Amino acid sequence: MPKHTNDRLQGTLDLLILNILARGGAQHGYAIAQRIHHATDGSLRIEEGSLYPALQRMTHEKWLRAEWGVTNTGRKARFYTITPTGRRQLEQEERRWLTLTEAVARALRLA
């Protein structure tokens, strides 16, 4: 599967993070990035420079709650959990994504 560039990923990072947390429960940043990487068969790699500012912004928006904890390797890390506000945002982001991808698919069939 071809690697995607970050410009294609922009606009979908919030959706991906919210979805991973909604399905997998509390996770630290590295685990979120790994889950996205594995879920996409390695097509999407989230760089730290994109992930952590997004997590901070989403926490500020109250879509996520962050608490310090210890990883299974004994390292201290912030664990993120999706909030009820985040779940509503996930629903909106999913609807926007489906509308966009359906529109692009229709345009490609007409072109």
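What follows covers the core, the helix packing, the sheet and a few loop residues.

This is a predicted model, in which local features need pLDDT of at least 70, side-chain atom pairs count only at pLDDT 80 or more, and totals for chains, interfaces and linings use all residues. Residues are numbered from 1 along each chain as its sequence is written, and side-chain values use heavy atoms, with hydrogens and water left out. Helices (H or I, at least four residues) and strands (E, at least two) are DSSP runs, numbered from the N terminus.

**The core**

- The largest nonpolar core holds 21 residues, and I17, I32 and L64 have the most contacts inside it. Such a core is a set of buried Ala, Val, Leu, Ile, Met, Phe, Trp, Tyr and Cys residues joined through side-chain atoms within 4.5 Å.
- Buried here means under 20% relative accessible area, exposed means over 50%, and partly exposed is in between (1.4 Å probe, protein chains only).
- Two or more core residues come from each of α2 (13-24), α3 (29-39), α4 (48-60), β2 (64-70) and β3 (76-82). The largest share, six residues, is from α2.
- Leaving out residues up to four places away in sequence, I17 touches I32, I36, L51, A54, L55, M58 and L64. A contact is heavy atoms within 4.5 Å.
- As background, nonpolar side chains tend to be buried together in soluble globular proteins.

**Helix packing**

- G29, A31, I32, A33, I36 and H37 are the buried residues to look at in α3. The buried residues of α3 pack against α2, β1 (27-28), α4 and β3.
- α3 and α4 pack at about 115°, with their axes 10 Å apart. Axes are lines fitted to C-alpha atoms, for helices over the stretch in contact, and angles run from 0 to 180 degrees between N-to-C directions.
- On the α3 side, G29, Y30, I32 and A33 meet L51, Y52 and L55 of α4. The residues of this contact split into six nonpolar, one polar and no charged.

- Three strands form an open sheet in the order β1-β3-β2, with antiparallel pairing. β1 and β2 stand at the edges with a single partner strand each, so one side of each has no neighbour in the sheet.
- Seven antiparallel bridges join β2 and β3; two strands count as paired if DSSP finds at least two bridges between them.
- W68 stands opposite R78 in β3.
- α2 lies across β1, β2 and β3, and runs at about 90° to β3.

**Loop residues with positive phi**

- Most residues other than glycine have a negative phi, which makes the next two worth a look.
- D41 sits in the loop between α3 and α4 and is exposed, at 64% relative accessible area.
- K62 has a positive phi near 70°. K62 is in the loop between α4 and β2, where K62 is exposed, with a relative accessible area of 58%.

Definitions and conventions: Nonpolar A, V, L, I, M, F, W, Y, C, P; charged D, E, K, R; others polar.
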